[in-house]
Amino acid sequence: MKNNLSNSLWQLAIKKFKQSKIGVFSFLFIVFCGLTAVFCYVIAPDNSNSANQMHLEIHSKSPGFSVLMLSIPSKSKQEQSWFSVFMDGKQHSPTEIPIKSYELTENQLEVLKYSDGLAKTYPLSLFKNQPTAYIQQKTFWFGTDKYGRDLLSRLLIGARISFFIGFIAVFISLLIGIPVGAIAGYFGGKVDTFIMWIINITWSIPTLLLVIAITLALGKGFWQVFIAVGLTMWVEVARVVRGQVITTKQQQYVEAAKALGFSDFRIIFKHILPNILAPIIVISAANFAAAILIESGLSFLGIGAQPPTPSWGAMIKNHYNYIILGKPFLALIPGLAIMSLVMAFMLIGNTLRDALDVKS
């Protein structure tokens, strides 16, 4: 009977969630961002490692800028597995040179360079006697950054960091916060007092300051930031779980489980926690949004993901001066990406809160 009631409540919650257009749209947008993060190197126009193909001649160009691009084939060929390209992009990309025009002669390819308009010649043998195959019209849909890199490609690859830091940070916070909060709420007494003392001390330290301290202790890097953000978020989960367990342990089914001689571990993790998943899901959605903001802030301060790894916060840091230089899109585009993803998680959190509210 209890399982049937639980299933019907979850079905009712899903039905209520589907009725919210904002919640469904936010969910679809998050799924879209997640797929973009996973397949970023597949869909990015510049699939070199970290989209770090620089063209200083065409730096800070507006969205939609097009130019002829000549690819100089690399003499040394190194095999790279498809999985390596999928995860980290192409490690050895051909050198690209922006050109204004080109002309073919019997044995040479003559091009006018975009930077200074001077002519330069290449032997046709360098291009296997098919030079036109190495010249293409390249469009930078979101423009180029101050180093001439494709802004769209770096935005797509930066989504991987911003999106997955949420997953890892929330996972770490749940891994620590749920057991700690459940133990404090269930046993009470001195155990609860000691755990709450630790929680209050951690809670009193500003989140960003604590993340900076942990990051400096672990070192600058990709995974260090993920761990640091996760280690600062467990207190919120622990407080929520503790409060829910204190209320739930007074229920009759918990008293019946104790009378039957079930172990405390079984009562906590098999009987209490499954019944308090709703508030945990809601706090996880909020923590996801907070993790993205914290990582962006750390990257803006220069202690997040290190160059040339693209990060939305670092992209804003590198280009915020361009707002007053007449090219605000360089900072506004990654800023809008952060804002839209954070807003999607906050909206889906609000929708989940309403859908999982049993009293309503």
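These notebook entries follow what I looked up in a predicted model, going from the sheet to the loops and then to the helices.

**Ground rules.** I number residues from 1 along each chain as its sequence is written, and I keep in mind that this is a predicted model in which local features need pLDDT of at least 70 and side-chain atom pairs count only at pLDDT 80 or more, while totals for chains, interfaces and linings use all residues. Side-chain values use heavy atoms, with hydrogens and water left out.

**Sheet.** I took helices (H or I, at least four residues) and strands (E, at least two) as DSSP runs, numbered from the N terminus, and I counted two strands as paired if DSSP finds at least two bridges between them. I found an open sheet of 5 strands in the order S4-S3-S2-S1-S5, with antiparallel pairing. S4 and S5 (135-140) stand at the edges with a single partner strand each, so one side of each has no neighbour in the sheet. The twist averages 55° from one strand to the next.

I then went through two of the pairings. S1 and S2 (residues 95-104) are antiparallel over 5 bridges, and Ser71 has Glu96 in S2 as its bridge partner. S3 (residues 108-113) and S4 (residues 119-123) also run antiparallel and are joined by 5 bridges, with Leu109 opposite Tyr122 in S4. The hairpin of S3 and S4 has 5 residues between the strands, and there I noted Gly117 with a positive phi near 75°.

**Phe65.** I located Phe65 in strand S1 (residues 65-72). Phe65 counts as buried because its relative accessibility is 15% (buried means under 20% relative accessible area, exposed over 50%, partly exposed in between, with a 1.4 Å probe and protein chains only). Leaving aside residues up to four places away in sequence, Phe65 touches Ile58, Tyr114, Lys138, Thr139 and Phe140, where contact means heavy atoms within 4.5 Å.

**Loops.** In the loop between H3 (40-43) and S1 I looked up Ala51, which has a positive phi of about 50° although it is not a glycine, and which counts as buried at 0% relative accessibility. Ser60 is found in the loop between H3 and S1, has a positive phi near 55°, and counts as buried at 1% relative accessibility. I also checked the peptide bond from Pro307 to Pro308, which is cis with omega near 5°; Pro308 is in the loop between H11 and H12 (312-319).

**Helix packing.** For the angles I used axes that are lines fitted to C-alpha atoms, for helices over the stretch in contact, with angles running from 0 to 180 degrees between N-to-C directions. Helix H7 (residues 207-218) packs on helix H11 (residues 277-301) at an angle of about 60°, with the axes 11 Å apart. H7 and H11 are therefore oblique to each other (angles under 35 degrees count as roughly parallel, over 145 as roughly antiparallel, 65 to 115 as roughly perpendicular and the rest as oblique). The contact is made by Thr207, Leu208, Val211, Ile212 and Thr215 of H7 and by Ile294, Leu298 and Leu301 of H11.

The axes of H5 (residues 151-187) and H11 come within 8 Å and cross at roughly 130°, so H5 and H11 are oblique to each other. Among the residues making this contact I noted Phe163, Phe167 and Leu174 of H5 and Phe288 and Glu295 of H11.
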